Structures are given as structure tokens and as C-alpha cells.
Amino acid sequence: MLNRPPAAPRHVAIIMDGNGRWAARRGLPRSAGHKAGVDALRRAVKAAADFGVEYLTIYSFSSENWSRPAAEVSFLLDLLRRFIRQDVAELHRSGVKITVVGSRADLEPGIVSLLDDAERMTRGNSKLNLIVAFNYGSRQEIGRAVAAIARKVESGDISAADISPELISLNLDTAGIPDPDLLIRTGGEQRISNFLLWQCAYTEFVFVDDFWPDFTHEIFARALDEFRLRDRRFGGIEAQTA
Ligand code: IPE
Ligand code: IPE
Ligand code: MG
């Protein structure tokens, strides 16, 4: 009998949660947790490449995170700027292709051009696809896709009968990216917080109690082990081994 290798997830999405609580436990300001979170992100990217993951999507700032105190928001924006300036060259050298999902409308132009540059510079890479969800909210993304499709119907390019799940997927920010196989959320909360609602229709969820700044290669490996034990049926009745 053929011994099939356990299926590795092609696409892992991560809700990097728990920075603030990690800092509070240490009597530090929340900003210290966000800073430590960037180091955890660097570890996660390396681990994903080691594990042969093809797509890694990280939730870095949600559409709802603007409701945090102004000082925290500007610290987070600053961290993003710094991460892009400091890390993109190195990511590029290691063959990482960066794609940013989320709304760029109303973002300050300096940030938009940093994001554009990161995408442009790394466009030809293929070792790992790093998808950064920034100013991202899944309902907002779906809303933009519906509006784009409505405009095509209005202009007569397509008719209402042409609207299908595939067409909707193609109009999302994640067009062309396979749906996540595995979603990991750190920090102990078991919710989706407006992340990839459409794309996670058949995604396996693994929740870990560790706060994001404590994320390691080993925690990642354990989540992959748990994924391998899952029986993905996609609505059918037996394990899909294809
Ligand atoms: C995740 O950590 C980082 C962002 C949402 C930007 P949090 O800042 O949400 O940390 P907790 O959940 O409050 O501990
Ligand atoms: C989700 O975490 C967003 C990111 C990790 C960027 P939140 O901390 O914002 O989510 P809630 O508020 O606990 O649902
Ligand atoms: Mg949180």
C-alpha cells in the first residue's frame, strides 16, 4: 500500500494576537508587546519557509484597530514603516514575495508608497508568499468586491447571472491566492475578528494560548502537527487524500 505523506498546509494564516497582554504581564507598556511581536513575526516567516509553507498571511492591523488610542495607532503605523524599511531588503534576498491586502484608501501617502514599493521589489520572488493584511477587514473587502461586481453589471460587461463564488473570489483583495488551509490564532481568544471570512469557508482553525510575542518555531510545528491530524471532509464523507 502506498504510504502517503501527511498533507502539509499550502497556506497558513495567522491572527497575531496578545501583544498587549504579553506586555501587561511584564508590567510593560503595550508598545513593548508590539515591538516584541515584530521579532515573533520574523521567526514565523523563517519557520514558514523551513516548513515549506507556500503562502503565509499575517493579520497585522485590522480595520477596527483604528478605534484604539491614537498613541497606540501611531506606534503601530510606525512599526509597520520601520518593518518595511528594515526588513524588506532581507526578505527580498531570501526570496519572499510580499503582497498587501486591505484598503489603501485614506491611508497616508507615505505608507501607501512603502507598501507599493515592497510589492514591486519582491514581485518576482517565489520561495514564500508573505501576505500582509494591513488596514484589513473582511466585511469591508467583501463590500468592495460587491461594489466592483455591481459596476461591471451596470456597465454591461457581465450580467447578474454571471455572479458565482469564483467571480466573487476574483474580486477580493486575495484574488489568485489559494484559500488558507490552516488558521492559527495566538493569545487565547477563539474568534475570527473580521479576518478572511469568505476565504476560511473550509479552513482548519488552531487556537493557541501563547501570546504572539512568545510564538516560536516549535509552537508553529505543533500547530502543523495538529493540522495533520484533522480529517478535512469538505462536506463529503471521507478523508480527501488527493
Ligand atoms: C495584536 O495584539 C496586535 C494588533 C492587534 C495590532 P493586541 O494589541 O490585540 O494585544 P491584546 O490582544 O490586547 O493582548
Ligand atoms: C485581531 O486582533 C487583529 C489583529 C491581530 C491585527 P484584535 O485584538 O484586534 O481582535 P479582538 O478585538 O480581540 O477581536
Ligand atoms: Mg488583541
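Predicted model: local features only at pLDDT ≥ 70, side-chain atom pairs only at ≥ 80, totals over all residues.
Visitor: What makes the chain agree with a compact globule?

Guide: With 242 residues, a compact globule would have a radius of gyration near 18 Å, and the chain has 19 Å, so the value agrees. Along the principal axes, the C-alpha trace spans about 55 × 55 × 35 Å. Buried residues make up 45% of the chain. Of the contacts with a separation of 6 or more, 75% are between residues 24 or more positions apart. The chain exposes about 12,800 Å², of which carbon and sulfur atoms supply 53%.

Visitor: Which elements make up the chain, and in what order do they run?

Guide: The secondary structure comes to 7 helices and 6 strands. From the N terminus on, the elements run β-α-α-β-α-β-α-β-α-α-β-β-α.

Visitor: How are the strands arranged in the sheet?

Guide: The 6 strands form an open sheet in the order S3-S4-S2-S1-S5-S6, with parallel pairing.

Visitor: Why are S3 and S6 called edge strands?

Guide: Each of them pairs on one side only. Two strands pair if DSSP finds at least two bridges between them. From one strand to the next, the twist averages 20 degrees.

Visitor: How do you know that S4 pairs with S2 and with S3?

Guide: By the count of bridges, for which the cut-off is at least two. S2 and S4 pair in the parallel sense over 7 bridges, and 6 bridges join S3 to S4, also in parallel. Both counts meet the cut-off, so S4 is paired with S2 and with S3. For Val96, the bridge partner in S4 is Leu128.

Visitor: What makes S4 largely enclosed by the rest of the structure?

Guide: 9 of the 9 residues of S4 are buried, so the strand is largely enclosed.

Visitor: Which helices pack on the sheet?

Guide: Helix H4 (residues 109–122) touches S3 and S4, and its direction makes about 145 degrees with that of S3. Helix H7 touches S1, S2, S5 and S6, and its direction makes about 135 degrees with that of S5.

Visitor: Why is Thr122 called buried?

Guide: Thr122, which is found in helix H4, has 0% relative accessibility, and buried means under 20%, so Thr122 counts as buried. Leaving aside neighbours within four places in sequence, Thr122 is in contact with Val88, His92, Val96, Lys97 and Ile98.

Visitor: Why is the pair of Tyr59 and Tyr136 called edge-to-face?

Guide: The structure holds 10 aromatic pairs, this one among them. The ring centres of Tyr59 and Tyr136 are 6.0 Å apart, within the 6.5 Å needed for a pair, and the planes stand at 80 degrees, over 60, so the pair is edge-to-face. Tyr59 lies in S2 (residues 55–62) and Tyr136 in S4 (residues 128–136), so the pair ties together parts that are 77 residues apart in sequence. Both Tyr59 and Tyr136 are buried.

Visitor: Which residues do ring pairs link into a cluster?

Guide: The cluster consists of Phe51, Trp212, Phe215 and Phe220.

Visitor: Why is the phi of Asn135 noted?

Guide: Most residues other than glycine have a negative phi. Phi of Asn135, in strand S4, is near 50 degrees, a positive value. The relative accessible area of Asn135 is 9%, under the 20% limit, so Asn135 is buried.

Visitor: What is the phi of Leu196, and where is this residue found?

Guide: Leu196 has a positive phi of about 45 degrees although it is not a glycine, and is found in the loop between S5 and S6. At 3% relative accessibility, Leu196 counts as buried.

Notes: Residues numbered from 1 in each chain as written. Chains lettered and ligands numbered in written order. Heavy atoms only, no water. Phe/Tyr/Trp six-rings, centres within 6.5 Å; stacked < 30°, edge-to-face > 60°. Helix = DSSP H or I, 4+ residues; strand = E, 2+ residues; numbered from the N terminus. Buried < 20%, exposed > 50% of the residue type's maximum accessible area, 1.4 Å probe, protein only. Axes fitted to C-alpha atoms, helices over the stretch in contact; angles between N-to-C directions. Contact = heavy atoms within 4.5 Å. Rg over C-alpha atoms; globule rule 2.2 N^0.38 Å. Areas by Shrake-Rupley, 256 points an atom, 1.4 Å probe, with all protein chains shown as cover.
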